[in-house]
Amino acid sequence: MEEKEKEKIYSKRVRAGKRTYFFDVKSTRANDYYLTITESRRHPQGDGFVYEKHKMFLYKEDFAKFIDALQDSVDYIKTELMPDFDFSQYTAREEIDEFGSDLKWD
C-alpha cells in the first residue's frame, strides 16, 4: 500500500466513557477520499489495558444513505421508543481532561 493511501487528511475524536470514536478522512492513490469510523474500547488486562477496535469504511457514494439511515434510527429511538426522555443532557460539551475532571483554571 502506498503511503499516500494511508494519509489522514482530517481527524475527529469523540470520547464516550470507556469508548472512543475516531472519524478519519483518508485519501486513496487516485486522489479520492473516504471516511473510516473506528470504535476503540479499553479493557483492563493484568496490570494494564488492552484496546479492542472495530473499524468501518464509508465511501462517498454511501455518505447520503448512511447519514439518512443514522438520522432515521436516532429519530426513531427519540420519538417512538423514548419520547419522554430528556436527551438534552447528552448535548456535546468540551472533552473532559485526562484526569477525569471538567474543571478549568481561569
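**Entry 1: strands S3 and S4**

I looked up Pro44 and found that its bridge partner in S4 is Phe49. I then looked up Thr36, whose bridge partner in S4 is Phe57. S3 and strand S4 (residues 48–59) pair in the antiparallel sense over twelve bridges, where pairing requires that DSSP finds at least two bridges between two strands. Strands here are DSSP runs of E with at least two residues, helices are runs of H or I with at least four, and both are numbered from the N terminus. Two residues lie between S3 and S4 in their hairpin, and Gly46 in the turn has a positive phi of about 65 degrees.

I noted that this is a predicted model, in which local features need pLDDT of at least 70 and side-chain atom pairs count only at pLDDT 80 or more, while totals for chains, interfaces and linings use all residues. Residues are numbered from 1 along each chain as its sequence is written, and side-chain values use heavy atoms, with hydrogens and water left out.

**Entry 2: the other hairpins**

I followed S2 next, and found nine bridges that join S2 to S3, the two running antiparallel. Lys26 has Tyr34 as its bridge partner in S3. The hairpin of S2 and S3 has five residues between the strands, and Asn31 in the turn has a positive phi of about 60 degrees. Strand S1 (residues 8–16) also runs antiparallel to strand S2 (residues 19–27), joined by eight bridges, and Arg15 has Thr20 as its bridge partner in S2.

**Entry 3: a salt bridge**

I counted four salt bridges in the structure, each being a side-chain nitrogen of Lys or Arg within 4 Å of a carboxyl oxygen of Asp or Glu. In one of them Glu39 pairs with Arg19, and the closest N and O atoms are 3.9 Å apart. Glu39 lies in strand S3 (residues 33–45) and Arg19 in strand S2, so the pair ties together parts that are 20 residues apart in sequence.

**Entry 4: confidence**

I checked pLDDT, the predictor's confidence in each residue from 0 to 100, and the mean for the chain is 84, with 80% of its residues reaching 70 or more. Confidence is lowest in helix H1 (residues 3–6), at a mean of 50, and highest in helix H2 (residues 63–81), at 96. Over residues 101–106 the pLDDT is below 50, and this stretch has six contacts in the model beyond near neighbours in sequence, a contact meaning heavy atoms within 4.5 Å. I reminded myself that where pLDDT is low, the predicted coordinates should not be read in detail.
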